[in-house]
Amino acid sequence: MDRTLADVADARDGRLLEIAEVTGTGAASRRLREIGFCTGAPVRFLRRAPLGDPAMYELRGALLSLRRSEAQRIRVHRAAP
Amino acid sequence: MTALVRLRPSEAARRPGRIAILGAPNSGKTTLFNALTGHRAKAGNYPGVTVDRREGDLQSRFGADDVRLIDLPGVYSLQPQSEDETVAVRVLEGGFGEPAPEGVVVVVDATTIERGLPLLAEAAALGLPVCVALTMIDELKARHGEIDPKELQEELGVPVVGVVGNRGLGIDDLGALVSSPWDWTASPSLLHGAEARTPEDRFAWARAVLGACRRQAPEPNRWTRRLDRLLLHPIVGSAVFLTFVAFFFQAIFTWATPAMDFLSGLMDGLADQVLATLPDTALTRLMADGVIRGVGAVIVFLPQIVLLFAVILFLEGCGYMARAAFVVDRVMGWVGLEGRCFIALLSSYACAVPGIMATRTIPSPRDRLTTILVAPFATCSARLPVYLLLIAAFIPADPVLGPFTWQGLTLMGLYFLGTAAALLSAAVFKRGLLRGAALPFYLELPPYRLPRPSDIALGVWDRGKLFLRRAGTIILAVSVVLWFLLNLPRRPADPELSVVENQRMVLEGSYAASAGRLLEPVFAPMDFDWRVNVGLVASQAAREVMVATLAQIYAQEGQDEEGLGVLLAGSGEGGTAPLLSRASALALLVYFAFAMQCMSTLAVIRRETGGWRWPAFTFAYMNALAWLGAWLTFVLASAAGA
Ligand SMILES: Nc1nc2c(ncn2[C@@H]2O[C@H](COP(=O)(O)OP(=O)(O)OP(=O)(O)O)[C@@H](O)[C@H]2O)c(=O)[nH]1
Ligand SMILES: [Mg+2]
């Protein structure tokens, strides 16, 4: 099974992904972790906004939208089946 | 005193006192607060509705008095990054000159329970007694999810109540609970969670807690998925949105007109009645012209105001606000702002005051200030009467396409003009004096919810009352003052002339007329005559006063028979010269679109920015832009032969 790392901004389909890490240490990364983007959490890409950015993700039962610049901080791999 | 309390817990020491309501944004805090206190604080289906603390007494029917509840802005954690979050955290820590609350109700959305529990752990770490209100139980059930509050309570130690806030289910239990915070004792598990230091640890703890309970996670919200597929589609979504908006503006002209005509008739009848029955004294004329016709000219727009707020409340309640921010975020990025700024801007369409308050959710101080400076461009409801009066008078009601007429489209155009002005000014500010790096953008999108008609009705009722109160206070006061300025100095009546001619003489020589003429050099390039200038000065107190002023002047000129609009455009039977050419009328519309004419807005800018510097700046640049825009419109429209 392919478990290569990528960031969640590169997700193109609705496959379930698992967060490997959130890079950075500042307030921005902290906030991403506080809203639930933590290591080990499953996340799913849903759709892009009509103008291409931001994108909508499903995380722990909620819908969250992130800009590409934030989504690039979130490293993911494919969730174990 | 404290020693005494420790020895013998007296009645006073057992006073429940103040209980804070804490929770993630949009988890249903304000809905609970309203159900418990009987208040009607604003709730809505998007994160960041509440941006300030609000206190209210627990209703006595819950069997305890002396409990005060504090509704707080939503927070994701107790490490605040924006102004609204800071307010919530300060209340919990005993800020604002008040002691810390005696207990905290942590509101957790039952459909996303895993995301709500970490905040519970953080709240417990403050050392305050906590309990849990699980909201949205109805939605959890509808999506075939399940959790037993009793089991969760066993795990956490502290009371857990399942509620459906907007339908009052479980509220009695919660009401009984909040009067005894000293009975809320945390279990070892919760105390363990309170020791977690990182978000990861808190989420891990939340999973462990849920793992210990039998639980069925809810299925995805199918309606939300379907609607998003439609409304967030690049083509279908835009088409739906534009059609909706166009229908709305058209409705303001077509559907609201009968109700408005009815009110107009009522006001005219009343004024005529007063003139006919009371002796012809100055006081009678003040009543008829100054009060009834002046203020009445504003009141007749009540149906449109009601319609506007019904639509705004629906949009806020259904879940579209956050979607609008999601769609527009890219554009906001080009401007240099972010989606949340757009939510604040959208809130300003009702009134700039709450819109400016709503900027508290924006983490970046520069983005926040920029949004504050441009929010008054959003077409607030006070502009609506002026727009409607001028459009009805100067824009033909000819159909353009299907049910849409030039009038509806012009109104829509003015709303877009306000938005464009806000975005362009923001882009200039962000590139100039408020340049700064972008802070992270994240936005939670709530599920779509059908607002309850009773909630919308109550909201519209409140807004309608507010509009009438405004008419009965500030607009009335300005109208009365204006009446005196329009009727003084007195001069002996010339017996050669008719009553109406005499009144015109007084008007032409009045203090108001002199003041209006004094301003002629300023507004001559747009061809505004002194009467418009008087209205412009008076509308500095409140925009609607423009309408009241013109109504008064016309009543006094003895031309009230044919309707204000007809007279403005000069197409009436009397063959009177029009007050405005169409080019001037368009210029006036643009002036109102851009001008800063609202004292409350300036006051709230001062409060939110902590000084007079920014309100003064806003006043200056917006009015300068208004003049320029009006002049440019006049030149272009004249060239186009309007
Ligand atoms: N179905 C359902 N909807 C609810 C319930 N409680 C609140 N709502 C709705 O959820 C939305 C959010 O409610 P609010 O009370 O404004 O939430 P809040 O926590 O005060 O939100 P912020 O002030 O933005 O942090 C509104 O549309 C409410 O009508 C509930 O128990 N069930
Ligand atoms: Mg609220």
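**Ligand 1**

I began with a polar contact (a pair of N or O atoms within 3.5 Å). An oxygen atom of ligand 1 lies 2.7 Å from an N or O atom in the side chain of B:Thr50. Another look gave me B:Gly165, where a backbone N or O atom is 2.9 Å from an oxygen atom of the ligand. For B:Ser27, a polar backbone atom is 3.1 Å from an oxygen atom of ligand 1.

Then I checked how covered the ligand is: alone it exposes 660 Å², and the protein buries 94% of that. Areas here come from the Shrake-Rupley method with a 1.4 Å probe.

Before going on, I noted that this is a predicted model, where local features need pLDDT of at least 70, side-chain atom pairs count only at pLDDT 80 or more, and totals for chains, interfaces and linings use all residues. Residues are numbered from 1 along each chain as its sequence is written, chains are lettered from A and ligands numbered from 1 in the order in which they are written, and side-chain values use heavy atoms, with hydrogens and water left out.

How many residues surround ligand 1? I got 24, with B:Lys29, B:Thr30, B:Thr31, B:Val49 and B:Thr50 as the closest; a residue counts if one of its heavy atoms lies within 4 Å. By class, the shell has eight nonpolar, 12 polar and four charged residues. Gly goes with the polar ones in this scheme. H2(B) gives the largest share of the shell, three residues. Helices here are DSSP runs of at least four residues, strands of at least two.

**Aromatic rings**

Next I turned to rings, which pair if their centres lie within 6.5 Å (planes under 30 degrees apart are stacked, over 60 edge-to-face, the rest tilted). I found 18 aromatic pairs over all chains. A:Phe45 and A:Tyr57 have ring centres 6.0 Å apart and planes at 65°, so they are edge-to-face. A:Phe45 is in strand S3 and A:Tyr57 in strand S4 of chain A, so this pair ties together parts 12 residues apart in sequence. Both A:Phe45 and A:Tyr57 are buried, meaning under 20% relative accessible area.

B:Tyr76 and B:Tyr442 are also edge-to-face, 6.0 Å centre to centre with 75° between the planes. That pair ties together parts 366 residues apart in sequence. B:Tyr76 is buried at 12% relative accessibility, and B:Tyr442 is buried at 7%.

Last entry: the charged end of A:Arg60 sits over the ring of B:Phe203, 3.9 Å from its centre. The rule is CZ of Arg or NZ of Lys within 6 Å of the ring centre and within 35 degrees of the ring normal.

Terms used
Polar contact = N/O pair within 3.5 Å; in protein donor to acceptor, adjacent residues only side chain to side chain. Buried < 20%, exposed > 50% of the residue type's maximum accessible area, 1.4 Å probe, protein only.
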